[in-house]
Amino acid sequence: MARKVQQRQAKKAIYVFWEGESEEAYSKALKNIFSNRAAIKPHREKGTFDTAKAFYRGNRAFQNSMPEFDELWFFFDTEISKADQWEKNMKCLKDIIASRRKNPIKIRLLMSTGCVEYWFLLHYERVRPAIATPAEKERVKKEVQNHVPAYEKGDQKTTEEIAQHYPTAVENGRWTLECLKREGMPEGEERDQWLFRGNHTFTTVHEAIEMLMSL
């Protein structure tokens, strides 16, 4: 009798471009938490849209072969001062997608208002403070330190501790967007542009984690 051979489904492969050391540390934390469901690989150096475009330019494996990655993540903060960069950033993404001759790839924008510490704070609290000025960003960081006193930007150990509370952050992240729906947030493709250019307090990082949870 022939022996049955079980085929193991390949893990979802995700490549992360990150804006700062805290985003990098959190990406590594997700890599560890969801290692049985996905292969998450943070880029080796800091940078988001321009970095990704340069990295994939001339990358024949990415352009022609079997899927090198299923998803590309861009993990960054939104700032009113950067609102006019939307078109430039989207041009980078369109160039990356256009270079992909086979196997379409999913792109996710993991955005949080002002500073990644707002996303971290949502692991403990359901709040939507104003986060625009340096003082407001520092206040959010101190709120995170009320929960994790040793936290500092880019510290892997404390970031791993924060990430363990991701189920709470997912619920609170959903709440931030539900609030904005009542404030006129559009749906579909227009939503991310509206979020990127606005002064609303929000996050979309939870949507990436929801996908990981569903695998």
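## An enclosed strand

In this predicted model, strand β1, which spans residues 12-18, has six of its seven residues buried, so the strand is largely enclosed by the rest of the structure. Burial here refers to a relative accessible area under 20%. In a regular strand, side chains alternate between the two faces of the sheet.

## Partners of β1

Strand β1 is joined to strand β2 (residues 38-42) by five bridges, and these two strands run parallel; within this pairing, Ala13 stands opposite Ala39 of β2. Five bridges also link β1 to strand β3 (residues 71-78), again in a parallel arrangement, and here Val16 has Trp73 of β3 opposite.

## The protein as a whole

The secondary structure of the protein consists of ten helices and four strands, and read from the N terminus the elements follow the order β-α-β-α-α-β-α-β-α-α-α-α-α-α.

Of the 215 residues in the protein, 49% are buried. When contacts between residues at least 6 apart in sequence are considered, 78% of them join residues at least 24 apart.

Note on methods
Residues are numbered from 1 along each chain as its sequence is written. This is a predicted model: local features need pLDDT of at least 70, side-chain atom pairs count only at pLDDT 80 or more; totals for chains, interfaces and linings use all residues. Side-chain values use heavy atoms; hydrogens and water are left out. Buried means under 20% relative accessible area, exposed over 50%, partly exposed in between (1.4 Å probe, protein chains only). Two strands pair if DSSP finds at least two bridges between them. Contact means heavy atoms within 4.5 Å.
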